[in-house]
Every structure is written in C-alpha cells, then in structure tokens.
Amino acid sequence: MDVLERLREMSLSLPEATEKPFGGHTAPSFRVRDKLFLMTSEDGLSAMFKAGPGVQEALVAESPERFFVPKYVGSKGWVGIRLDVDHDWDEIGELVEDSYRLIAPKRLSALLDQG
C-alpha cells in the first residue's frame, strides 16, 4: 500500500477526522473539528504530527534518519517523519493517534478508549 494511502487510512479511521489540504497546498492533511493533527508535504516525502512534551526530542535523538524537527511548527512540539524510509507502522499508528488525542476534544478522544 502507498505510504500516503496508509496515513490516510489510519487518520480517517479516527472519530470525526476529515481530510482537507492546509492553506494553499494540495497535499493531504488531516483534521478533527478543523484543527490539524497530521500534515503531509507537497513532495510526499514527509509528514508532520503533534506530539506531547519531550516526544519530539526523544524521537529525533533515537532515530534521526526517520524523525526531524520540522520548520515553522517544530517549535510548537510537532515532529517530522520521513516517509521515504522503512517504518514500524504500528508505531506510526500510535503517533498519529497520540497527535489526534492532543488536538481532538476530550469527548472524541474518549471514543478511542471505548474500543
């Protein structure tokens, strides 16, 4: 399966998640209640997601060939992920879900815990 298609599938499986490009871009971006939780780059080689305190630093330090601090949103705790390298898709799914939980209203996040 195509990398962007995998990200699309995992993102849109989350409650009330929608796909809507960011700004004037055409690359897929995913939102909950019109707030971004996952953005992809125009060239399809990277994506960015929101992370909790300390996660960005840990991921980049542990695996700089896969993760990076993105321009503009890196200072706000977002993490960049290179999509042109091998990944553990279970880990990516958890990171996307964590990003969603940080952005989504508590009621929607709670739906994930209900199974």
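Mentor: Strands (E) are DSSP runs of at least two residues, and helices (H or I) are runs of at least four; each kind is numbered from the N terminus. One caution before we start: the model is predicted.

Take the loop between strand E2 (29–32) and E3. Look at the backbone. Arginine 33 is not a glycine, yet its phi is positive, about 50 degrees. Aspartate 34, also a residue other than glycine, has a positive phi near 65 degrees. Now the surface. Partly exposed covers the range between under 20% (buried) and over 50% (exposed). Arginine 33 has a relative accessible area of 45%, so it counts as partly exposed. Aspartate 34 has a relative accessible area of 45%, so it falls in that class too.

Next comes strand E3, residues 35–40. E3 pairs with E4 in the antiparallel sense, over three bridges. Threonine 40 stands opposite alanine 47 in E4. The two strands form a hairpin, with five residues between them. Check the turn: glycine 44 has a positive phi of about 75 degrees.

Strand E4 spans residues 46–50. Four of its five residues are buried, so the rest of the structure largely encloses E4. E4 has another partner, strand E6 (residues 78–82). Those two run antiparallel, joined by five bridges. Lysine 50 has tryptophan 78 in E6 as its bridge partner.

Now the helices. The axes of H1 (residues 3–12) and H3 (residues 89–103) come within 10 Å and cross at roughly 45 degrees. H1 and H3 are therefore oblique to each other. The crossing of H1 past H3 is right-handed. H1 contributes Val3, Arg6, Leu7, Met10 and Ser11 to the contact, and H3 contributes Trp89, Ile92, Gly93 and Val96. By class, that contact has six nonpolar residues, two polar and one charged.

One last stop: helix H4, residues 106–113, which holds serine 109. Serine 109 counts as buried because its relative accessibility is 9%. Set aside its neighbours within four places in sequence, and serine 109 is in contact with Arg101 and Ala104.

How values were computed: Residues are numbered from 1 along each chain as its sequence is written. This is a predicted model: local features need pLDDT of at least 70, side-chain atom pairs count only at pLDDT 80 or more; totals for chains, interfaces and linings use all residues. Side-chain values use heavy atoms; hydrogens and water are left out. Buried means under 20% relative accessible area, exposed over 50%, partly exposed in between (1.4 Å probe, protein chains only). Contact means heavy atoms within 4.5 Å. Axes are lines fitted to C-alpha atoms, for helices over the stretch in contact, and angles run from 0 to 180 degrees between N-to-C directions. Angles under 35 degrees count as roughly parallel, over 145 as roughly antiparallel, 65 to 115 as roughly perpendicular and the rest as oblique. A crossing is left-handed if the near helix is turned anticlockwise from the far one by less than a right angle, and right-handed if clockwise. Ala, Val, Leu, Ile, Met, Phe, Trp, Tyr, Cys and Pro count as nonpolar, Asp, Glu, Lys and Arg as charged, and the others, Gly among them, as polar. Two strands pair if DSSP finds at least two bridges between them.
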